[in-house]
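Here is a short briefing to read alongside the sequence and the model. Please keep both in view as you go through the points.

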Amino acid sequence: LDQPVPVQFARYLGGLVHGDLGPSYRMKDFTVAELIGRGLPVTLSIGAAALALALLLGIPLGLAAGLRQNGWADHAAMSVALAGIAIPNFVVAPVLALVFGLQLGWLPVAGWEPGSLRHMVLPVITLALPLVAYLARLTGGSVLDIKQQASREGVWGLRQSALKKVKDGITSLDEINRVTVD
């Protein structure tokens with residue numbers, strides 16, 4: 001603190017370039033980089049599991065909805081998708097914790113044990129629900145588009161449309177990641 005503020009700020013920015021995020025003000029014995037390094041593997045494992053769950057649930061839900069338009073599967077899948085989009089994670093997480101953690105006692109609501117699947121269930125489901133919803137909506141809409149184009153253009157049109165939808169779907173996943181990160 002013996003230097004002017006611009007000099008201190010320049011020193012701080014120089015440290016950032018080298019990965020020095022400075023000391024933690026809350027946990028005096030650790031640097032910020034050490035704390036981030038300790039939590040990053042947990043964050044990555046929960047994020048990867050949430051993405052895998054979203055893909056495993058969202059795409060089949062969308063396919064079921066698109067292939068059985070206006071049927072019970074369509075209405076059920078789109079209801080789940082609407083709820084997943086409309087209800088924010090900061091509402092879903094406490095409700096899941098209250099029901100499955102406190103009321104039923106099936107899952108832990110706090111703490112972390114490395115390698116314990118029980119501790120991953122609630123965070124993974126909470127993070128996966130909005131992605132499941134987006135994937136179901138995108139997949140269902142794409143299937144309906146392909147079905148409509150196939151009825152107009154025949155089998156060759158169906159093939160071309162499906163290839164275009166796969167390419168567009170990859171772009172849509174990039175948009176989903178951009179929206180959920182923001």
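**A helix and what follows**

Directly after α4 comes Gly105, with a positive phi near 70 degrees. This is a predicted model, and the points below go from that helix to the fold and its cores.

**Helix α4**
- Helix α4 covers residues 89-103, which is 15 residues.
- From its first C-alpha to its last, α4 reaches 20 Å, close to the 21 Å expected at 1.5 Å a residue.
- Val92, Leu96, Ala97 and Gly101 are the buried residues to look for in α4.
- An α-helix has 3.6 residues a turn, so residues three or four places apart point the same way.

**Overall fold**
- The protein has 5 helices and 0 strands, giving the pattern α-α-α-α-α along the sequence.
- Of its 182 residues, 24% are buried.
- Among contacts with a separation of 6 or more, 56% join residues 24 or more positions apart.
- The accessible surface is about 12500 Å², and carbon and sulfur atoms account for 68% of that area.

**Nonpolar cores**
- The largest nonpolar core is made of 9 residues: Ile46, Ala50, Ala54, Met120, Val124, Ala128, Leu131, Val132 and Leu135.
- Two or more residues of this core come from each of α2 (32-67) and α5 (118-181), and α5 gives the most, with 6 residues.
- Setting aside neighbours within four places in sequence, Ala54 is in contact with Ile59, Ala128, Leu131, Val132 and Leu135.
- A second, separate core has 6 residues, among them Ala65, Ala77, Ala81 and Ala133.

Conventions: Residues are numbered from 1 along each chain as its sequence is written. This is a predicted model: local features need pLDDT of at least 70, side-chain atom pairs count only at pLDDT 80 or more; totals for chains, interfaces and linings use all residues. Side-chain values use heavy atoms; hydrogens and water are left out. A nonpolar core is a set of buried Ala, Val, Leu, Ile, Met, Phe, Trp, Tyr and Cys residues joined through side-chain atoms within 4.5 Å. Buried means under 20% relative accessible area, exposed over 50%, partly exposed in between (1.4 Å probe, protein chains only). Helices (H or I, at least four residues) and strands (E, at least two) are DSSP runs, numbered from the N terminus. Contact means heavy atoms within 4.5 Å. The expected span of a helix is 1.5 Å times one less than its number of residues. Accessible areas come from the Shrake-Rupley method with a 1.4 Å probe; for residues, only the protein chains shown count as cover.
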